[in-house]
Amino acid sequence: MTTWWIPVAAAACLALSAIATAWAQSRIGAAGAAALAEKPELSATVVILVAIPETMTILGFVVAMMLILRA
Amino acid sequence: MIIRMAKVRVLGPRARLSETLAVLQDFGLLQVAEGPVRAGLEPMSQSAFDTRRRRQLARVIEDAQFALDGLGVRQFAGAVPTPVSVSELARLARLARRARSGVARLANDEARLNEERALIQRYRDLLDALSPELHKISRSPHVVTHAVIVPATERAAVEELVSALATQSQHSIVARLHPLRSGELVLLVVMPERAAAHVERVLADARLPEVSLPSQFHAASLSDAVPQMLARLEEIPLELAQLAKDRQALARECTVGLEKACAGAHDALARLEALARCSTTSRAFAIEGWAPKTSAKKLMLLLERQLGSSVAVEELATEEWTGEDVPVVLTNPRLFRPFETFVRMMPLPRYGSIDPTPFVAVFFPLLFGLMLADIGYGIVLAMLGLLLHRHSQPGSIRRTVAEIMGPCAAFTILCGVLFGELFGDFGQRTLGLRPVLFDRAEAATASLLVAIGLGIVHVGLGLVLGVVAKWRQEPKHAVGSAVSALMVAFIILALLAALEVLPHNFLTPSVIALLIAFPILVAVEGAIAPVEFLATLGNILSYARVMALGMASVMLAIVANRMAGAVGSAIVGLLFALLFHLVNFAIGIFGPTVHALRLHYVEFFGKFYSPGGTPYRPLAHWRPTPAASSL
């Protein structure tokens, strides 16, 4: 049985989640930078907000790893 | 933990109010709250005199700080500036004003000299090129010089123009071209006074204007100006050195006084602000404030000893102030204290809630160590921490960072031993190092399970703390948190039973318990509860990042090691490998820090943390903060 789709699926899994994270972070990062310019004391909150979408990539990576390992 | 506070009320004759505030400032532990407003008691009114005095004190602080900054005093010479009297403060205010103007004058003179030097330096190339020629002709009377800068590409045209000038004129005109370091040429034309007007006209027609000298040398001729400019270049450093000596003398003379002025004005301002919060009748005053519970008795004894029985102090019963905005003081054992920094990056926890510092102090280094997990990187981190510790002042930000780096390095080394990593697989290949648990580069599933397991423990702990925190004020929500925690436990039991890690008999009871718990959760917390419960499961899965970052770190380290043998030259390969390890180490510090923080702030704090505490600012004598005196 051909398993060529497994690495493709794993790559798509990681790539799509990374693109989604990048898009979300670009929006949050821009808004966060604007907020920090006015209120520097919000730095911790902004770090949290920027880091939140990274979960998508992490989960994408985990699923990709599981696909590869099961192959 | 959050220190227990007591609300204290001080009552006394109005005539002794200022004296009482001074004693309270010496005591330094009472935060004066807004004054009680009851029948007969009125808030202290602010007179025009008070407003003017505040303005004057702010001016003294500004003057003293400006002078201290200008004199380069970063750390206060005296360990603790002593309190000053009102009359002494007036003298110090005059000193601060005088020192400020002295510092400003020195700074202006220094800026002017530096500017002059920079301006002459711009002509340095030109001066070096012209100086020998001008020196020769300086003794010849009735001779005029004219200097022009021309681009190198126009050399031929300029030479042609000069030779034409010399031929057409009946006077003797000498022209020399000197190359400058910038690539341009300087043309020096020497001519008798009589020919000057004609030559200048010809050069102007050819669009070759004379070199413009700095304004202070405009009046002098070129042959006079050049030696003067060279002489100024030698004089300016001497004048700057004299200014530096003057500054040192001023610093020696004024530093102690300025520090006293700064401290005295801050103290007086703090007393005025406290005064504005007091309440009075025509004959008496009332002050209310917060002090740590353990110091309340000490305060009563002190006031009685210093002011006698005419001033009374009482501790208010907790029922009288429950629900008020109580200031928050965090206190933790020395080992945990550096991690308060992470808690303070968020709004302070509310009074009566849980201080998460001890949990951060344990889990932050653990998460960091699990992600970096390398003996070599851990040792480098420990060395950096020691270096930073040695070159930092107690209480400074650098010292705090160094103290956080210590436990992080320890956990990194420990996890490195568990996973058998020393600069990636370098230890395995050269020293025969073997993992105690498993190899992270190979066993991705085991690594993921460890990460998720840690997530279960961490989030579970958060849920338990949530139950404890809510138990007193919101028992209904506490029950909701407890049911959520139990449901997480049942799901884990069911999964472990389904995967046959636990006996299969656990599966059915766990599922039944889940089915019973779910409606209870909805009944207690409302329809939003299932969504929040799913978010809790998502929070646990979020800990998969520990595995992902760890695996990325070890893979990068392995790639760095492969580089040493992949390039033709061993030395180049080694350099590449070191560079790659350096990059990986930098990423390995930054990534785990941000992600460990995020796991705390979002996943862990979200379960129990109650922000909204106000910081504790007691009426005390002013001290320079460590952050201001030294980083």
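Predicted model: local features only at pLDDT ≥ 70, side-chain atom pairs only at ≥ 80, totals over all residues.

Student: What span should helix α16 of chain B have, and what is the distance between its end C-alpha atoms?

Tutor: Helix α16 (residues 475-498) of chain B has 24 residues, so at 1.5 Å a residue it should span 34 Å; its end C-alpha atoms are 34 Å apart, in agreement.

Student: Which residues of α16(B) are buried, and what covers them?

Tutor: The buried ones include B:Val483, B:Met487, B:Phe490 and B:Ala494. Their cover includes α15, α17 and α18 of chain B.

Student: How do I describe two packed helices?

Tutor: Use the angle between their axes and the distance between the axes. In chain A, α1 (residues 5-38) and α2 (residues 43-51) pack at about 175 degrees, with axes 9 Å apart. Angles over 145 degrees count as roughly antiparallel, so α1(A) is roughly antiparallel to α2(A). Among the contact residues are A:Ile28 and A:Leu36 of α1(A), and A:Val46 and A:Leu49 of α2(A). The residues of this contact divide into six nonpolar, four polar and no charged.

Student: How many residues does each chain give to the contact between chains A and B?

Tutor: Chain B gives 16 and chain A gives twelve. On the chain B side, α15, α19 and α20 each supply two or more residues, and α20(B) gives the most, with six. That side divides into eleven nonpolar, three polar and two charged residues.

Definitions and conventions: Residues numbered from 1 in each chain as written. Chains lettered and ligands numbered in written order. Axes fitted to C-alpha atoms, helices over the stretch in contact; angles between N-to-C directions. Helix = DSSP H or I, 4+ residues; strand = E, 2+ residues; numbered from the N terminus. Parallel < 35°, antiparallel > 145°, perpendicular 65-115°, else oblique. Contact = placed C-beta atoms within 7 Å. Nonpolar A, V, L, I, M, F, W, Y, C, P; charged D, E, K, R; others polar. Expected span 1.5 Å × (residues − 1). Buried ≥ 20, exposed ≤ 12 C-beta atoms within 10 Å, placed from the backbone.
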